[in-house]
Amino acid sequence: MINERLAKHRAAVLRPILELEKRGEPISAAIGDAAWELGLSKSHTWSLYRRLRANDARAAALELGRRGPSPGSKRIAQEVEDVIDATLRRYYLVRERSSFLRICREIRSECAARGFQPPTRRTVKARLDAMDQREVFRKRHGAQEADQVFSARPGRLKVLAPLEVVQIDHTTSDITLVDHVNRRPLARPYLTVAIDVATRIVLGVYVTFDEPSVLSIALCLDHCVRRKSVHIPGTLEEVVWPTAGIPKAIHVDNAQEFHSDAFKTACEDWGIAVEYRPLGGKHYGGHVERLIGTAMGAVHVLPGTTHSSIVEKGDYDSEKHAALTLTEFEDWLHLEICRYHNTVHEALGRTPLAAWADLGGDTAGRQVVDVEAFRTSFLPFEWRQLGRTGITLFGVHYWSDVFASLVGREQGKVQVKYDPRDLSQVWVITGDGRVIPARYRDLSHPRISLWESRRARKEWQDKHGGRINERVLFQLIDAQRRLAEAARQKTRTARLENERGARLPRHQPRRDPSREMFAIDTGNPESDRRRHLAGVHHGQVPGYRCDRDRRRADHGRSGSGLATGLDKARVEHPSPARRCIRMNVKPLPFRPSPIHDELLSSWIGRLAKANHCLDEELFGYLGLGQGRAPEFAGDLRAANWARLCGAVQRSRDEIVSMALPDTMHHDVQYRSRHNFQYCPGCVAKSPDLVLRHWRLAWSMNCEICGQALAAKYPAKDVSGRLHARALRGAEILKSATATTDLARLRRISLTLHVMSVLKIGHFWSLTTGNKRERLLALAAVGIGTTRPLLGAAIILRGNDRAARELRRAFSQHRRVIERIRRLSHDLDRRLPGRRETGRPTARETHGMRRPSASESALHAARQAISELGADANREALLTRADVIWKSSGGVKS
């Protein structure tokens with residue numbers, strides 16, 4: 001400050017001399033007067049005057065200079081300078097980013113070891129500051145970070161109309177998600193997002209666990225061209241997302257999927273220009289990058305977030321707090337995007353939705369009429385030869401009736417497009433541009449994915465080499481699925497595969513031949529007409545009358561040409577003499593995914609609740625009739641499979657797998673129609689939930705949460721010994737049922753008959769709601785199968801009348817019962833202190849005789865009421881009681 005005032009004072013004294021010199025007058029006397037006024041020598045004044053004249057009379061030219069060495073001069077030895085420079089470049093200008101203090105110590109140690117004077121920290125800092133700071137930052141943080149700090153970016157991308165430029169990019173979401181079955185941590189999902197630059201509207205998103213690929217781009221663009229709305233959970237309201245259209249240009253980076261032939265060919269076909277960023281020019285996609293940053297900032301408030309850096313994350317355990325599934329995260333993301341659309345944008349000065357409306361976004365671009373064709377065009381493809389047997393892709397044969405007219409006429413290979421998630425259908429593009437859908441040549445094959453096919457083919461190649469047969473391929477995939485199901489609870493990779501298989505597109509259901517096709521014999525045209533009039537119309541929700549007429553017509557044509565294609569497990573490819581009719585059934589608006597091992601009736605009940613309708617109304621719409629919900633596989637024999645699969649968007653195999661097994665070669669009642677036990681933990685989360693293994697006699701613990709199953713009528717003071725024997729009996733029953741060991745199952749049936757005769761249980765005690773009675777039955781199964789004679793002898797010890805009753809009831813086993821009686825007397829002699837003495841009273845022997853027919857019928861009626869409920873249909877109760885009565889040995893009176 002003092003130096004500046006002194007310079008201004010000297011400039012004010014010397015500036016009049018410049019005017020004298022300009023007029024040509026002598027200035028020597030004026031210089032002497034100025035020297036006297038400034039208190040300087042005349043020579044020094046002359047020096048200041050010349051400096052002022054050379055710098056256009058600026059006062060800054062007269063400021064005092066800094067004393068000491070001139071800037072940039074070096075006074076330490078050159079050897080020390082070399083050590084400083086070499087050490088900085090070797091240890092400091094690296095990506096490991098050592099601290100400056102550590103480098104200073106290293107330099108001082110190196111100089112001391114060589115016998116030089118160690119430099120000070122200030123000297124080392126001066127040498128570091130003298131380097132190019134951009135180069136220093138690039139060496140330590142990378143070129144990308146250096147460009148973010150030092151690169152100048154003047155100008156901006158100016159777009160005036162909606163859909164003129166759309167930017168697309170991928171990112172890994174900053175959150176760990178859980179699987180939908182066990183809700184255990186899985187992985188971080190990938191997010192593909194498309195934003196309209198002019199209005200900042202998010203046109204489409206796609207969330208998946210798979211790495212970014214051509215499929216991710218196809219599904220994101222498919223979401224862009226669709227009309228969208230977001231349902232608000234817990235209400236009937238929907239948030240409008242009214243943005244759709246084909247973009248004129250797409251800005252993308254240089255990722256491999258954006259340079260694929262499928263992406264570039266589809267963009268050319270739909271008239272979409274593709275513009276790539278310059279290599280390393282991340283800021284050219286600043287709009288989508290900023291959107292991703294905004295979205296990830298919102299994600300950081302969700303449970304299980306990984307944050308954007310380790311510093312922000314701290315000691316937060318993301319996997320421990322993870323709570324959202326992929327579907328739940330996608331629903332939250334859609335709601336967050338709708339909130340973003342209604343928030344004022346700083347750059348626009350209005351909300352993105354308002355900008356879209358003001359700029360005419362609804363009429364700015366082209367709208368897609370055939371959305372399915374648009375999605376298919378962006379799918380990956382392969383070139384294959386069309387032969388007389390159809391198309392072969394990834395070792396699987398495909399066929400369509402249209403191929404018959406193309407065999408021998410198509411020159412060269414044709415383009416075959418496929419969806420990697422579902423290889424059950426492909427799309428063949430002929431030379432004239434026609435798109436021909438083709439399915440498995442053998443329609444009995446299940447739906448598989450490309451990842452499953454690659455894994456199976458690699459396993460075959462590693463073990464055997466050569467090409468794999470199509471039948472062997474599907475057998476390997478089936479075996480791998482069983483192994484994955486067994487390991488699902490153990491490994492994260494297996495659970496991730498299960499989550500990938502359960503993932504369905506939210507906007508487009510996956511195709512399955514069993515949902516859409518059924519065979520009709522065309523030999524009877526009247527049958528076709530009546531079938532059409534029975535209510536099978538595109539998109540129509542049939543009424544109950546129409547469904548009843550259809551069932552009557554089907555029963556009336558039992559001898560006509562109508563084939564029962566929907567009721568067959570294997571659907572062969574229709575011959576030229578048969579034709580296929582496509583049934584387009586309107587799917588249910590809300591379709592909650594079934595929980596692992598959930599019972600079919602429980603899932604249908606949740607479907608009815610989600611769609612705000614009665615169970616009976618939903619049964620009629622699904623083609624299940626007006627009875628109770630199906631629980632056994634046999635209850636689905638009369639189902640309208642085309643309507644059922646189309647409405648719930650599930651394949652026939654998936655639906656059948658949710659029902660209880662129906663085929664039985666024995667009379668052991670190991671599964672029940674009524675809820676005799678439940679899991680308190682699972683029911684607390686979902687009150688309407690019923691799992692399949694809860695209905696099985698051997699289930700003691702919940703397979704989902706691991707808790708002990710609670711009986712409908714719990715018992716007190718159950719000994720640990722009885723519980724241990726019941727567990728042993730449950731394992732024996734499960735093993736015998738799984739392996740269909742008929743000899744052991746007959747022994748179990750005989751044990752239950754003995755318990756029924758002795759009045760210590762019933763034939764249905766394995767699935768009773770009384771916990772003590774069920775544990776006794778399971779314990780008896782364990783004893784009766786491992787040591788049957790000893791078990792019966794313990795029961796009959798000291799009770800000869802019970803032995804006589806057994807001989808009368810089981811006359812075909814008199815010899816075995818006699819051995820039991822002798823063993824019982826032997827036990828009485830060996831255990832005299834426990835021998836029962838005295839003649840049994842009438843109360844003790846009451847009921848030891850064989851029950852009469854009326855008593856058997858009464859017991860059967862009581863069990864039927866306990867299973868089906870007192871409010872069940874009378875006809876159903878009589879039917880069930882008749883089955884129980886016959887199985888218990890009742891005779892008609």
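# Salt bridges and a strand hairpin

D174 is buried, with a relative accessible area of 10%. The model described here is predicted, and the values in this report are computed from it.

Under 20% relative accessible area a residue counts as buried, so D174, at 10%, falls in that class. The side chain of D174 meets that of R188 in a salt bridge, with 3.0 Å from N to O. Both residues lie in the loop between strand 1 (166-172) and strand 2 (190-196), so the pair ties together parts that are 14 residues apart in sequence. R188 itself is partly exposed, at 34% relative accessibility. Side chains of opposite charge can pair when their charged atoms come close.

How many salt bridges does the structure hold? The number is 27.

| Pair | N to O distance |
|---|---|
| R138 and E135 | 2.6 Å |
| D174 and R188 | 3.0 Å |
| D432 and R434 | 3.2 Å |

R138 and E135 both belong to helix 7 (residues 133-141). They are 3 residues apart there, which is about one turn of the helix. R138 has a relative accessible area of 35% and counts as partly exposed. E135 is also partly exposed, at 30%.

## Strands 2 and 3

The loop that holds D174 and R188 lies between strand 1 and strand 2. Strand 2 in turn pairs with strand 3: the two run antiparallel and are joined by 6 bridges. Within this pairing, T192 stands opposite Y206 of strand 3.

Strand 2 and strand 3 form a hairpin, with 5 residues between them.

How many residues of strand 3 are buried? Strand 3 (residues 202-208) is mostly covered, and 7 of its 7 residues are buried. In a regular strand the side chains alternate between the two faces of the sheet.

How values were computed:
Residues are numbered from 1 along each chain as its sequence is written. This is a predicted model: local features need pLDDT of at least 70, side-chain atom pairs count only at pLDDT 80 or more; totals for chains, interfaces and linings use all residues. Side-chain values use heavy atoms; hydrogens and water are left out. A salt bridge is a side-chain nitrogen of Lys or Arg within 4 Å of a carboxyl oxygen of Asp or Glu. Helices (H or I, at least four residues) and strands (E, at least two) are DSSP runs, numbered from the N terminus. Buried means under 20% relative accessible area, exposed over 50%, partly exposed in between (1.4 Å probe, protein chains only). Two strands pair if DSSP finds at least two bridges between them.
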